[in-house]
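Colleague: I have a new model on screen. Walk me through how to read it.

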Amino acid sequence: KKETTTNKSSMQGEEFLLQEERDGVRLSWNVWPSSRLEATRIVVPIGCLYTPLRPIMHPPPLGYDPIRCNGCGALLNPYCQVDYRTKLW
């Protein structure tokens, strides 16, 4: 049983390292509190370290040209989800 628990925890650790390598995001916790009581019991503050200029080694291909705002000229992030019905992204 101890070997199984050790293997599971090492797999979870590898999973977080792979996520950090893929997304450039490191969280101080792997599980967010689900209630206010749990949130008050946290000793370590919840935080996120994000590297926005981290180079992406294999970006997914885009099937269209970037969408530019007519007013300010900003580009829409091609990797965000757009809801055209509510005009939110």
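This is a predicted model: local features need pLDDT of at least 70, side-chain atom pairs count only at pLDDT 80 or more; totals for chains, interfaces and linings use all residues.

Colleague: Which pattern does the protein chain follow along the sequence?

Modeller: Helices (H or I, at least four residues) and strands (E, at least two) are DSSP runs, numbered from the N terminus. Here the pattern is α-β-α-β, with two helices and two strands.

Colleague: How do I read a pocket, and what is the volume of the largest pocket?

Modeller: Rolling a probe the size of a water molecule over the atoms shows where empty space is left. On a 1 Å grid over the protein atoms alone, a pocket is an open set of points where a 1.4 Å probe fits, with protein on both sides within 12 Å along at least five of seven lines; lining residues have an atom within 4 Å of a point. A volume is the space filled by probe spheres set on the points, which are joined across faces, edges and corners. The largest pocket has about 390 Å³. It has 14 lining residues, and Arg-22, Asp-23, Gly-24, Arg-54 and Ile-56 are the closest to its centre. Helix 1 (residues 2-23) gives the largest share of that lining, four residues.

Colleague: Which residues line the second largest pocket?

Modeller: Phe-16, Leu-17, Gln-19, Glu-20, Val-25, Arg-26, Leu-27, Trp-29 and Asn-30 line it. Helix 1 and strand 1 (25-27) each give two or more residues to that lining. Helix 1 gives the most, with four. The volume of the second largest pocket is about 150 Å³.

Colleague: Is Glu-21 buried or exposed?

Modeller: Glu-21 counts as exposed because its relative accessible area is 53%. Glu-21 sits in helix 1. From Glu-21 to Arg-54 is 33 residues in sequence and 9.7 Å in space, C-alpha to C-alpha.

Colleague: And where does Tyr-64 lie?

Modeller: Tyr-64 is in the segment after strand 2 (48-50). Tyr-64 counts as partly exposed because its relative accessibility is 42%.

Conventions. Residues are numbered from 1 along each chain as its sequence is written. Side-chain values use heavy atoms; hydrogens and water are left out. Buried means under 20% relative accessible area, exposed over 50%, partly exposed in between (1.4 Å probe, protein chains only).
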